[in-house]
Amino acid sequence: MSLWLVKSDPEAYSFDDMEKDGKTSWDGVRNYQARNNIQLMKKGDRVLFYHSQIGKDIVGVTEVSKEAYNDPTTEDIRWFSVELKFKKRFKKTITLESMKSNEKLQNIGLIKQSRLSVMPIAEFEYDEILRLTK
DNA sequence: GCCAACGTTGGC
DNA sequence: GCCAACGTTGGC
């Protein structure tokens, strides 16, 4: 099982929307690196959900419920989507600020590559984030 | 609202 | 194939 993180501007699509919908098609990604990551996602992979712009925090976990398929929002066959389902909301969210000041999270994609919207997360990073929610 | 970072486009 | 111009993202 692999671990990932996706970003969303809550004004466009928030974790509240995600919880309400139960599952959603993660489409509209128009960046090759993010696209490549989407194609690597497997059913059952855990995906952290991060709010960009507003909040700037990881708010919970989703799970890949359907592997890569052609992005339904475009005719362009270069782009792919996955289906994500709501898994769990964190009692305490993890802010970007707290990650920046955490020794173990210095190399997390969120900090290293701030513009990438779909990125892999290392197991120790995932564990550390979960630990911080407690 | 500004601007740095960075990806994409298009002229040459 | 290079690189300037331009557009977008996202933190501040």
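Colleague: With which residues is His51 in contact, leaving aside its neighbours within four places in sequence?

Modeller: Contact means heavy atoms within 4.5 Å. This is a predicted model, where local features need pLDDT of at least 70, side-chain atom pairs count only at pLDDT 80 or more, and totals for chains, interfaces and linings use all residues. Residues are numbered from 1 along each chain as written, chains are lettered from A and ligands numbered from 1 in written order, and side-chain values use heavy atoms, without hydrogens and water. Beyond neighbours within four places, His51 touches Ser8, Pro10, Ser14, Phe15, Lys56, Asp57 and Val59.

Colleague: Is His51 buried or exposed?

Modeller: His51 sits in strand 3 (residues 46-51); strands (E, at least two residues) and helices (H or I, at least four) are DSSP runs numbered from the N terminus. Under 20% relative accessible area counts as buried, over 50% as exposed, and in between as partly exposed (1.4 Å probe, protein chains only). His51 has 11%, so it is buried.

Colleague: How are the buried residues of helix 2 arranged?

Modeller: In helix 2 (residues 32-40), the buried residues are Ala34, Arg35, Asn37 and Ile38. Seen down the axis, they fall within an arc of 160° (taken from the directions from the helix axis to the C-beta atoms), so they line one face of the helix.
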